[in-house]
Each structure stands twice: as C-alpha cells, then as structure tokens.
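Please look at the sequence and the 3D structure below before reading on.

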Amino acid sequence: MTAYCKITFLVCFLVALGLSCMDSAVAARHLLQQTQTPAVPTLPQPTFPTIPNMPKVTLPPLPSSLPNPTLPSSLPKPAGLPPLPSLPKVPTTFPTATLPPLPAATLPNMPAIPAIPTTVPAFPFLSPPPSTSATSP
C-alpha cells in the first residue's frame, strides 16, 4: 500500500513539475508576434456520390369512424388438462422423545456488588465563598 502511494505521489509530482515548466503564454505570444503566418496548404475537395431519390409511398386513408371492439361473452374452456397434484398427508401424532436428566450444576458464589452512592458529596472548593458584608441578598 505504501509503495502504491509513493508511486502515485511521484507521478503526480512529475506531472505538476512538467506542467509548471511549460511556458505556454510565451509560446502563444511568440506565435502571435510573427510577421508572416505560414501558408496553409489547400487540399482537394472530395467528390461524394449523389444520393438516389426514394420512391414516394402512399398510404391508404384511415376510416373516419372505427368500430368499438367487443369482448366475447364466454371464453372457451381448455380441455384435457391433468388434475393438480395433492399435497402429501402430514402426520397428526409425533413420536415423543425422552431426554436423560441433566446433572445439577452448582454455580460459584457471586461476590457482593457494592452499593452505588446516590448523594453527591460536597466539596468545599465548589461552594461559594462566605459573605463578608452584613446584608445578603
């Protein structure tokens, strides 16, 4: 994992270094300040074959009113299908199994859990200082 990170960092560093060394603004200014632009060669125009005309297809006119479709009153019933298979019979009585008695296990005595105090002890450095004036609010 560390070798992959090192290689990735090295590649990114080299790409950044290469991009920072290219001075494209100076190169573009140099091309713009040239007095004579190089001649662009003219290429011959290719000739394309003509596209043949497709024949026109005429469609028959649509009827002005279409008949409403109706469903048949009764559908034909398929004949000759085999009967559905029946589920196997489930027994109603199950055999009873007797288990051997378990040995009586004795647990070791658990240590007593100390009681959790419910009162907050008073710390003298958290209490307000005594009042020095005669009047108290």
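The sections below go from the whole chain to single residues.

## About the model

This is a predicted model, in which local features need pLDDT of at least 70 and side-chain atom pairs count only at pLDDT 80 or more, while totals for chains, interfaces and linings use all residues. Residues are numbered from 1 along each chain as its sequence is written, and side-chain values use heavy atoms, with hydrogens and water left out.

## The chain as a whole

The chain has two helices and zero strands, where helices (H or I, at least four residues) and strands (E, at least two) are DSSP runs numbered from the N terminus. Along its principal axes, the C-alpha trace spans about 105 × 90 × 55 Å. The radius of gyration, which is taken over C-alpha atoms, is 50 Å for this chain, whereas a compact globule of 137 residues would have a value near 14 Å. The globule rule behind that comparison is 2.2 Å times the number of residues to the power 0.38.

The accessible surface of the chain comes to about 15,800 Å², and 71% of that area belongs to carbon and sulfur atoms. Such areas come from the Shrake-Rupley method with a 1.4 Å probe, and for residues only the protein chains shown count as cover. Of the 137 residues, 0% count as buried, a word that means under 20% relative accessible area, while exposed means over 50% and partly exposed lies in between (1.4 Å probe, protein chains only).

## A nonpolar patch

Which residues form a nonpolar patch on the surface? They are Ile7, Val11, Val15, Leu19 and Met22, which together have about 510 Å² of accessible area. Patches are made of residues with over 30% relative accessible area and no salt bridge, with like charges joined within 9 Å and nonpolar side chains (Val, Leu, Ile, Met, Phe, Trp, Tyr) within 5 Å. A salt bridge, in turn, is a side-chain nitrogen of Lys or Arg within 4 Å of a carboxyl oxygen of Asp or Glu.

## Rings and cysteines

Rings of Phe, Tyr and Trp (its six-membered ring) pair if their centres lie within 6.5 Å; planes under 30 degrees apart count as stacked, over 60 as edge-to-face and the rest as tilted. By this rule the count comes to one aromatic pair. The ring centres of Phe9 and Phe13 are 6.3 Å apart and their planes stand at 20 degrees, so this pair is stacked. Both Phe9 and Phe13 lie in helix α1, four residues apart, which is about one turn of the helix. Phe9 counts as exposed at 58% relative accessibility, whereas Phe13, at 46%, is partly exposed.

A disulfide is a pair of cysteine sulfur atoms within 2.5 Å, and by this rule the count comes to zero.

## Distances along the chain

Lys6, found in helix α1, counts as exposed at 59% relative accessibility. Lys6 and Ala115 are 109 residues apart in sequence and 58 Å apart in space, C-alpha to C-alpha.

Pro46 is placed in the segment after α2 (24-32), and it is exposed, with a relative accessible area of 52%. Between Pro46 and Val57 there are 33 Å in space, C-alpha to C-alpha, and the two are eleven residues apart in sequence. Ser73 also has its place in the segment after α2 and counts as exposed at 82% relative accessibility. Ser73 and Thr96 are 59 Å apart in space, C-alpha to C-alpha, and 23 residues apart in sequence.
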